[in-house]
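Let's take a friendly walk through this structure, one piece at a time. Have the sequence and the 3D view ready.

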Amino acid sequence: MKTTITRRALAATTAIALGLLAAWNAPANAQAQNREVTLMGLEVHLNNLRAQGFARGGVDTLADFERDVAKVRFNVGTTNVLQEALQRIGLLNRSEEDLIFVNFADANIRLRNFLQPLNDYVAKEPIAGFPQAWSPGMVAASTLGNQLYMVPFRCGTFTLWSNTENAKTAGVSGIPKTPEELYEQAKAGTFTRPNGEKVFGFGLRGDKWSLNEDYAMAVRMFGGDLVTPDMKVVLNEAGSVKAAEMLRRMYVEGIIPPNWATLDGSSLIQLFREGRVTMAFGASSWGAQFEGGESKVKGITIPSHVPLSRDLWTDKVTYSPSIVWFWGIGMFKGATDKDIGYQLIRHMMKPEVQREVAKNGNGPCTADLFAEMAKTQPVMKLAQEIFAISRTPLPAHPRMGQVRDLIGETLQNIVVNGAPAKAELDKAAAQIRGMID
Amino acid sequence: MSHVHAKPAAGRYRIDANTWLAAALLGPVAIVLLAIIVVPSIDLFVMSFTDASPGMDTEWVGWKNYVRILSNPDFQAALVRNVIFVVTVVGLEMLIGLGIALLLENPLPLRGLWMALIVAPYAVSPIVAVVMWKYMLDPNFGVVNFMMGSAGFPTVAWFTSAGTSMAGIIVIAVWKEFSFVTIVSFAALKAIPHDFVEAARIDGAGYPQILRFIKLPMILPALSIVMMFRIIYTLREFAIVHTTTGGGPGTSTEILALYLYKQAFRYLNFGAGAATGWLMLLATLLLAGFLVRRTYRGMFTERYR
């Protein structure tokens, strides 16, 4: 039977089809406008994602997601604020906050009560390249009892950063390869400019909360450690004592800034940007923060490996393992809209987003992106080499917050208040054993 | 004046309509206070007998938290530091605040402007004030050292040692709150009947005698109340220490409120934090009770007690 379609019928059908299409799209767009996902993180995370601050001029990596899926509200806090928020909001049955950046130091069994396991979500809608492309150690640290609680997003190592102009002014050439050379060059790199401005030879974070990380680096230059991965407390052994004594000497001689005990990451970065420090321990991702915006050290900073005692050199490795760190992104158990939350995690982990975020100064967590960036950025090559031999400053443990604080207090007592290094470290080691046993 | 006329009548107490009205009006407030202060306090008290820690299983530990805290050398040191801090800060605030009030009592030109400038620190948000001072006292960039150096004075490496850290904290604390003492003292001084001072002057008393025998005794009740408030508030000071030194270097500026914060939110020992909180509350109640009693004794004659 032959069916005839009249012009009027065709026009009516087309109109209905277009109407249906519009109706189909309209709620989706309206939904994208109305839906919202709230993310908690550091200012550096926001800058990396949104291309703000030191990353101005880059690509806002959340723009596509906001256009198509949901608005992203970003609550900025310090590391301490985020830690408090994790354990406070994490216990709520329902929270306005959906996602949170979690520091590696908080990746312990407590997370099971704060964050939503992501296994089911990943099984249903996989994250591109996960977990194969990620560092296995970091994925393992984010997994508790076979459940994945967060996805590593911002990863990095610590290196030694030098201000080449200051070094030149001070008559220092080359980069230090051993702790002794570091001390000598830092001493030479401490000087006063003709305008009376003091330049410090060496900078490292001295605030109690961060100090364990920078101190772990100092200790590992001498082959020591703080607490081993199998929970052996070695804070009071030879490498640690040597490192503490070296820092005390540097403090007394004015090589490190006098307000070291309150010098946190942002203060150290500011000091370095002002050209007030010749060398500093700094994250591999700090290059953009050192040189971005109105920096006085634009184009004159170079990263290098953290030195290692000559007696520990091998044919392959002549540098310290330093430390590695990472921030993962997890979803609160009481998140209002878990599906949207997971969609944002998936979006942030897309290779193209990861690449743009890395251009905005983020430390990548995937091996291929690391390798790609290492071809053009010397600091990423260093980071790649460090990742192969390094570990976090302290192993995971629910009481590690207390250990961190105690190490900070102990070191401040030695370096600033002049307490005897060995006795003070012995006391701290005994206390730490009591905490983690 | 009390509206409660509770007279024993045939073994019973009669409550009049005014009392019922007062109870009805105060009831909602009392219920809200009960809900937001008393109930959480009791909850916290119960928590202080446990090893509560977020994300971990909780067990009843009896008096263990209290015993541990009271025998902990860090807590004892923080307590001693807190006492020194309170005595120094409140002492300086009283001296400076009263001194300025006595100055302002005189017919100075632009007195309103001076008063506004003095009151300004009290109006500034605590965190803003502390961050501002932290930058001002920064030994590398700070304007205070720059000005001291420019004026030919030796500079101070603030927040670099136990001494300079505590000194910096005390400077900020006194700056922030002395104006409270000034305002109350000024108002009390202004309330002294002029006849008293005039009579003393006619009798040949000089300014020191007038101050010692007329003004100070008459403003003493107001000063006692100010001191009581300042002691209670200074005892629980947190923002200045947390924002400037975090209790360091080492633990040299750690006081009780910071000790509590560390136990609860850094170490996640909520049980120990709750016990510390209750010990602080107990100390504050005892101190406040003692001071209130002393103050009221000085304020009223025997007839009104």
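## A strand on the inside

First, a term we need: a residue counts as buried if 20 or more other C-beta atoms lie within 10 Å of its own. Keep in mind that this is a predicted model.

Now look at strand S9 of chain A, residues 277-283. Seven of its seven residues are buried, so S9(A) is largely enclosed by the rest of the structure.

## Who pairs with S9(A)?

Strand S6 of chain A (residues 150-163) pairs with S9(A) in the antiparallel sense, over five bridges. To spot one of the bridges, find A:Thr159: its bridge partner in S9(A) is A:Gly282.

Strand S8 of chain A (residues 198-203) is joined to S9(A) too, by three bridges, and these two strands run parallel. Here, A:Phe200 stands opposite A:Val277 of S9(A).

## Two domains in chain A

Zoom out a bit. Chain A splits into domain 1 (32-156 + 325-388) and domain 2 (158-322 + 392-436). Their C-alpha centres lie 28 Å apart.

Where they meet, 21 residues of domain 1 of chain A are in contact with 21 residues of domain 2 of chain A. On the domain 1 side, helix H4 (79-89) and helix H17 (378-389) of chain A are the elements that give two or more residues. H17(A) gives the most, with five residues. That side divides into 13 nonpolar residues, seven polar and one charged.

## A glycine in chain B

Over in chain B, B:Gly91 sits in helix H3 (residues 73-104). B:Gly91 has 13 other C-beta atoms within 10 Å, so it is partly exposed. From B:Gly91 to B:Thr50 is 41 residues in sequence and 39 Å in space, C-alpha to C-alpha.

Definitions and conventions:
Residues numbered from 1 in each chain as written. Chains lettered and ligands numbered in written order. Predicted model: local features only at pLDDT ≥ 70, side-chain atom pairs only at ≥ 80, totals over all residues. Buried ≥ 20, exposed ≤ 12 C-beta atoms within 10 Å, placed from the backbone. Helix = DSSP H or I, 4+ residues; strand = E, 2+ residues; numbered from the N terminus. Pairing = 2+ DSSP bridges. Domains from an automatic or database assignment. Contact = placed C-beta atoms within 7 Å. Nonpolar A, V, L, I, M, F, W, Y, C, P; charged D, E, K, R; others polar.
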